[in-house]
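Work through the exercises below with the structure open beside you. Try each task before reading its solution.

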Amino acid sequence: MSKVEVHYGATSDVGRVRQVNEDSYLASPPVFVVADGMGGHSGGDVASRIVIEEFAELVDSAHDPRGGAAAVAELLERAQSRINQYGIEQRLTGAEKWYAGTTAVVALLVEDDGVPKWLLANVGDSRIYRFSDGALEQVSVDHSVVQELVDAGTIAADDVASHPERHVVTRALGGPDDAEADYFLLPLVSVERLLLCSDGINGMIDDDTIAEVLGDVGDPRDAADRLVAAALDAGGRDNATAVVVDVVGLLSDDAYDSAPLHVSLEHKLGALP
Amino acid sequence: MTETEPTAASRRSIRPGGWFGIFGEQASVLLPPSEKRRVAALWELVDDGAGFDEVLDALLSSGLRDLPGFVLLSETEGPVKVVLRGPVKATFYTADEEISLDGSVAATWVERSLEGVTRSVIEVEDAPEGDELTLAAGLVRVARVEDPPVSADTGSAVGVESEDSTGFETGPAEPAPEPGPELEETEPETEPLPPPEPMPEPTPEPEAHPDPAAPAPPAPGGWAPAPPPGGSEHDGMTRAGDWDPLEFARQQPGIPGQQPAPSVVAKPVARLVISSGETVEVDRAVLVGRAPEARRFTSSEQPRLVTVPSPNQEISSTHLEVRPGSGADHGSAVVTDMGSTNGTVLVQPGLPPEDLQPGIAVQLIPGAIIDLGDGVTIQVTNP
């Protein structure tokens, strides 16, 4: 597979209100993950960390880049069962009302049809945005009550920010809910910059502000810092995590010149008929 | 006359109404008229001798939400178990008290287990005094059920008075009498009622009854169902739970009224020969374009992305989709223009060329040619 060179930056902050940072992230090519845990201390933080631990496997081992969505689904499933297992142990030790769940957004560089692509996945209301040609586009579709209401035409997209149930997710890992992820497959050329974030970012600052930061700040590390800082300035009511990834180049293993010649030297010299 | 029959053959008297009464050996169920679709299955269960727990399971199998009301009553020896939900009233008389239950006072249901019940009256609708029909087992429309039957003059019948008349025998103050002289007193009162003529023995049901020595219902120990899990566990901002999946059950994206296509089929339904030289089997969705993207798919149905060259940028990034057809198109491939900028022309054998309408799937015949522009064509062949 041709190697993809990426530059990236990641920042996470507990915010101004919360005591525990239940967000976790992983930024290590070829995989980038943000998980937003729910359930409080030794609940949500553990759940989101379990997701990160599972996906870290993709970094260390030589994973098959052609595994595609099924490979990601397997890791999500493993994270889900580990969280549930942890929950059973917690409840056995007396914490009867113990509960933990987590969202997850994943961006993985894969090879599809011999070409490197972004395989994206989301469970819950953490988001994946792409920034291309100066325009910000939300790629993932939130698994949240308000998104369902918008899709059903019950409420307008403008009312989402003020809706009382805007933080209620309809899918999560480890919860009682559906944990099936939605997947997206995008060619690298259509994505200049990817943003993975928890709702501590997009819940505090609007898309225009996000677009402004992603457009103004060249270095992805600075861009991630600036997004989290903007979310804190806007109130920081929730843990805020941002991972920004730029694809800066394709490093091809097989240079054009080294393509095997179909005509042998002997043929060229006329030594053979 | 029926009084020669053992009491088991005329266990109760009913007044006709709109509700469905399903009376069996081990348990009886009353369901509101709106629940007609459930009735047949429940009757089968109850008539086969299903016990209280089994019937309760069946009643609740699809959840409590779409079951506006019901009454479930055990018919076995021992304590009377009853569950009520919705606008129903039941009154039970024991030797020394009268217990009234009202299903509408609880958000979920009211359940009781009562010892020593000598008489019970269940009212699901307003039931004016009138025809009392006696019945052992069967499926019948009812408004009111009384057990033991009104005016059954076997020795075991007691408290023939219905509670809405003079009431001289009701009320906690006056214990329901044991079979005895008082019976005689009450009998004349009910006599004027249309005589409960030998109720045509509930049609073919008795034969269908299983052996009376049917297996006893499970021990009452574990019969109380757990309340439905509820509540939202949450912390901070993001939280889960507290929403109703059914609320969001909506149609799959696709053509309204048409079944969603099987996303991945075992055998390819067509082969696409692309002018760039590539050949693609259609065993799942295939997205063709200058830089195609696949959105919101599940892990088991990852589409195939086919990139075609477009030096003049005439082809859109995700131009069209070819997928195995469903419904009327089952077994063949269908092509859909994904809202491309410059459109798609389809030439099918024996048909004039047509411009594809964005979002409208068209069935492909082997031999068809799809023209995306910029000199790129796709030929459709048999796999």
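The exercises go from the interface between the chains to a sheet and then to a single residue.

This is a predicted model, in which local features need pLDDT of at least 70 and side-chain atom pairs count only at pLDDT 80 or more, while totals for chains, interfaces and linings use all residues. Residues are numbered from 1 along each chain as its sequence is written, chains are lettered from A in the order in which they are written, and side-chain values use heavy atoms, with hydrogens and water left out.

**Exercise 1.** Describe the extent of the interface between chain A and chain B.

Step 1. Chain A gives 48 residues to the contact and chain B gives 25 residues; contact means heavy atoms within 4.5 Å.

Step 2. The buried area is about 3100 Å², and carbon and sulfur atoms give 54% of that area. Buried area is the accessible area (1.4 Å probe) that two parts lose on being put together, summed over both.

**Exercise 2.** Find a salt bridge between chain A and chain B, then look at the elements on the chain A side.

Step 1. The count of salt bridges between the two chains is 3. A salt bridge is a side-chain nitrogen of Lys or Arg within 4 Å of a carboxyl oxygen of Asp or Glu.

Step 2. One of them joins E137(A) to R295(B), with the closest N and O atoms 3.0 Å apart.

Step 3. Elements that give two or more residues to the chain A side include α2 (68–92), β8 (135–138) and β10 (182–187). Helices (H or I, at least four residues) and strands (E, at least two) are DSSP runs, numbered from the N terminus.

Step 4. The largest share, 6 residues, comes from β10(A).

Step 5. β10(A) pairs with β15 (residues 294–297) of chain B in the antiparallel sense over 2 bridges; strands pair if DSSP finds at least two bridges between them. In this pairing, L185(A) has A294(B) as its bridge partner.

**Exercise 3.** Which strands are at the edges of the open sheet in chain B?

Step 1. The sheet has 5 strands in the order β16-β14-β17-β18-β21, with mixed pairing.

Step 2. The edge strands are β16 (304–307) and β21 (362–363), each pairing on one side only.

Step 3. β14 (residues 286–289) and β16(B) run parallel and are joined by 4 bridges.

**Exercise 4.** Is T318(B) buried or exposed?

Step 1. T318(B) lies in the loop between β16 and β17 (320–324) of chain B.

Step 2. The relative accessible area of T318(B) is 17%, so T318(B) is buried; buried means under 20%, exposed over 50%, and partly exposed in between (1.4 Å probe, protein chains only).

Step 3. Residues touched by T318(B) include G289(B), P292(B) and M338(B), not counting residues up to four places away in sequence.
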